[in-house]
Amino acid sequence: MGEDLSGGDLSRLRQLNALAVIKALRGGPSLTLTEVAKRTGLSRASAEDVVRELLQKGWVAEAGATAGSVGRPARRYRFRADAGRVLGVDIGGHKIRAVVADLDGNVGDRAAVPVTPEMGRPERLEAVDAAVAACLEGAGLAAGDVWAAGVGTTGLVDGVGRVMLSEALPEWTGVDLAAHVRRLVPGPVLVENDSKLAARAECWRGVARYAKDMVFLLAGLRTGAGLVIDGKVHRGFANASGEIGALPALGWIRAQEHLKAASGEAGDVFAAARAGERAAVTAVRRYVRDLALGVSALVLALDPQMVVVGGGYSRSADVLIEPLKRELDRWCIRTPEVLMSALGDEAVVLGAVRIALDDVEDRLLDGRTPLVSHL
């Protein structure tokens, strides 16, 4: 007896089929209809119907033809990554970064505006405005061309884009970042903690692409952590997972003070330690010992495949990784791999791009975003 599909069921089936075809085509070489059908599990006739619809909507384009063994050359199709754009924003203590990316996540234009850790809320938000405006102008885009935006910030973030608590930036607790950025671009705005975004980016395009369980350590002028469990960034009940630095006994609050005591600039301390200067080596060792307590607690709780060190200090990972491994050996039952981030100080903004792309795909999947061209 055949299944009776309602109009709603059929509509959702079309959305699912369209998303399957898009995923088969994006980020890879062009495919023939036969290849699309094989990769998606659709019949060739269904694949042809979906591709025809996506061609009309502007999500797919013809990519020429290839000669077959018999008859006319087979037409090939590619995903139109340029059909839409997403925005990524990283609100840091020293810099506001904004990037525009296509639907494959390829970054086209960047802008950065310097700020200071002491800067108040109005001035920091003005810098966000300036970075976004410069990025859109550089890309030749209007605000309406942005389909979704992702924003990374220090602190705890609630489910609607408001910073619930931030001790690193003055006047930052309570700021409604989603509402503010929505004034700049009209599409959906997703806001997330920077450590979690950096972990997401590392799983997407970094050294943790094949890791199911991972601890990401954001090492810089402050210390944070993002956790990946079973391949997904773990947010926790109130989005407060990984905030182990809140325990003063673990030393993350004071860790950077060791570097400042040895020299005014952390970069100078790392360079001096690299050259073997005794005071700098001691400062870095004390810094790593404080980091290792919190990391060890996370490793013992999660038993991850790897620990990835990112953030501003990841550029000096050559003097951090080995001491950190030695400290973990002291405290952990099993020491995981300890790796340097592949993304450096762009991890947060790339994570912001990724959650914006996730939103575009989710809205396509559940039908909230129809398959229409935004060109």
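This is a predicted model: local features need pLDDT of at least 70, side-chain atom pairs count only at pLDDT 80 or more; totals for chains, interfaces and linings use all residues.

Visitor: Is Asp 90 buried or exposed?

Guide: Asp 90 has its place in strand β4, residues 85-91. Buried means under 20% relative accessible area. Asp 90 has 7% relative accessibility, and it therefore counts as buried.

Visitor: How is α9 oriented relative to α10?

Guide: Two packed helices are described by the angle between their axes and the distance between the axes. Helix α9 (residues 278-302) and helix α10 (residues 321-331) pack with their axes 9 Å apart and at an angle of about 50 degrees. Because of that angle, α9 is oblique to α10.

Visitor: Which residues of α10 make the contact with α9?

Guide: On the α9 side, the contact is made by Val 288, Arg 289, Ala 292, Leu 293, Val 295, Ser 296 and Leu 300. By class, the contact has nine nonpolar, one polar and two charged residues. From α10 come Pro 323, Leu 324, Glu 327, Leu 328 and Trp 331.

Visitor: What is the N to O distance in the salt bridge of Arg 289 and Glu 327?

Guide: Arg 289 lies in helix α9 and Glu 327 in helix α10, 38 residues apart. At 40% relative accessibility Arg 289 counts as partly exposed, whereas Glu 327, at 9%, counts as buried. Their side chains meet in a salt bridge with an N to O distance of 3.7 Å.

Visitor: In which strand is the salt-bridge partner of Arg 235?

Guide: The side chain of Arg 235 meets that of Glu 192 in a salt bridge of 2.8 Å, N to O. Arg 235 counts as partly exposed at 35% relative accessibility, and Glu 192 counts as buried at 9%. The two are 43 residues apart, with Arg 235 in the loop between β13 and α7 and Glu 192 in strand β10.

Visitor: Which residues do salt bridges with shared partners join into one network?

Guide: The structure holds 26 salt bridges. In one of them, Asp 358 pairs with Arg 200, the closest N and O atoms being 3.0 Å apart; Asp 358 lies in helix α11 and Arg 200 in helix α6, 158 residues apart. Salt bridges that share partners form one network of Arg 26, Asp 104, Arg 200, Arg 354, Asp 358 and Glu 361.

Note on methods:
Residues are numbered from 1 along each chain as its sequence is written. Side-chain values use heavy atoms; hydrogens and water are left out. Helices (H or I, at least four residues) and strands (E, at least two) are DSSP runs, numbered from the N terminus. Buried means under 20% relative accessible area, exposed over 50%, partly exposed in between (1.4 Å probe, protein chains only). Axes are lines fitted to C-alpha atoms, for helices over the stretch in contact, and angles run from 0 to 180 degrees between N-to-C directions. Angles under 35 degrees count as roughly parallel, over 145 as roughly antiparallel, 65 to 115 as roughly perpendicular and the rest as oblique. Contact means heavy atoms within 4.5 Å. Ala, Val, Leu, Ile, Met, Phe, Trp, Tyr, Cys and Pro count as nonpolar, Asp, Glu, Lys and Arg as charged, and the others, Gly among them, as polar. A salt bridge is a side-chain nitrogen of Lys or Arg within 4 Å of a carboxyl oxygen of Asp or Glu.
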